[in-house]
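Q: Please take a close look at one part of this structure. Keep it brisk, and spell out the cut-offs as you go.

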Amino acid sequence: MAVRNKISRATDKSLGVKWTMVFDSEQRAIRNGAFAALMVTIAAFSACLLIDQPMFEISDVLHGKGILAVIAALLASCLAVAIMIVANQRFFEPLDRNAAVATTATEKSILLQAILRNTHEQVTIAALVYIVALLTLPPKWTDAILVAAILFVFGRIFFTRGYSKGAAGRAFGFGLTFYPSILLALLSLYTALV
């Protein structure tokens with residue numbers, strides 16, 4: 001069975017050229033996983049923003065430092081776990097002991113390094129966004145930062161567990177890691193400009 005991935009072009013008189021795409025089954029699975037992660041993120045953020053009484057309102061600098069410490073610990077833990085998994089693979093697999101300087105590595109080591117690389121990228125984005133959000137969001141919205149950090153942890157778990165199953169297997173976890181950072185960045189931008 002041939003993979004269906006067609007791009008068709010139709011002319012629209014008012015807008016010029018209109019593109020449509022027919023997704024193959026893997027693309028639909030990726031889209032569905034990412035969409036589910038976006039819906040979970042929106043639901044979690046909506047709950048934070050609609051509840052009148054915040055759980056973790058930052059009323060003073062000391063409380064803000066405590067929340068920041070918890071958030072930093074969650075992000076650092078995700079990165080530390082990814083590093084430990086790669087280190088464990090290298091320690092117990094003779095072919096991977098010199099993988100950092102060798103030109104070859106086992107398939108498992110390559111997969112774990114890809115997970116570590118993606119985790120590092122996501123932690124970098126999240127850390128920057130969370131700090132900006134902590135500085136710009138109104139106190140009653142600060143629960144969203146902690147919720148984003150919790151979603152980040154669960155996203156990394158789903159991402160890691162699904163990674164070997166391909167893009168469709170990791171889409172939900174990636175989205176659960178990425179979308180909270182993007183929504184927080186948008187909320188921060190909105191509050192900074194308004």
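A: What follows is a close look at the packing of helices α3 and α4. This is a predicted model, in which local features need pLDDT of at least 70, side-chain atom pairs count only at pLDDT 80 or more, and totals for chains, interfaces and linings use all residues. Residues are numbered from 1 along each chain as its sequence is written, and side-chain values use heavy atoms, without hydrogens and water.

Helix α3 spans residues 107-136. Helix α4 covers residues 143-162. Both are DSSP runs (H or I, at least four residues), numbered from the N terminus. Their axes lie 11 Å apart, at an angle of about 175°. The axes are lines fitted to C-alpha atoms over the stretch in contact, and angles run from 0 to 180 degrees between N-to-C directions. The two helices are therefore roughly antiparallel (over 145 degrees). Contact means heavy atoms within 4.5 Å. On the α3 side, the contact includes I115, N118, Q122 and Y130; from α4 come, among them, A148, F152, R156 and F159.

Take N118 of α3. N118 touches R156, F159 and F174, leaving aside residues up to four places away in sequence. N118 counts as buried because its relative accessibility is 13%; buried means under 20% relative accessible area, exposed over 50%, and partly exposed in between (1.4 Å probe, protein chains only).

A114 also lies in α3. A114 counts as buried, at 13% relative accessibility. From A114 to A82 is 9.9 Å, C-alpha to C-alpha, across 32 residues of sequence.

Now F158, in α4. At 42% relative accessibility, F158 counts as partly exposed.

Definitions and conventions: Angles under 35 degrees count as roughly parallel, over 145 as roughly antiparallel, 65 to 115 as roughly perpendicular and the rest as oblique.
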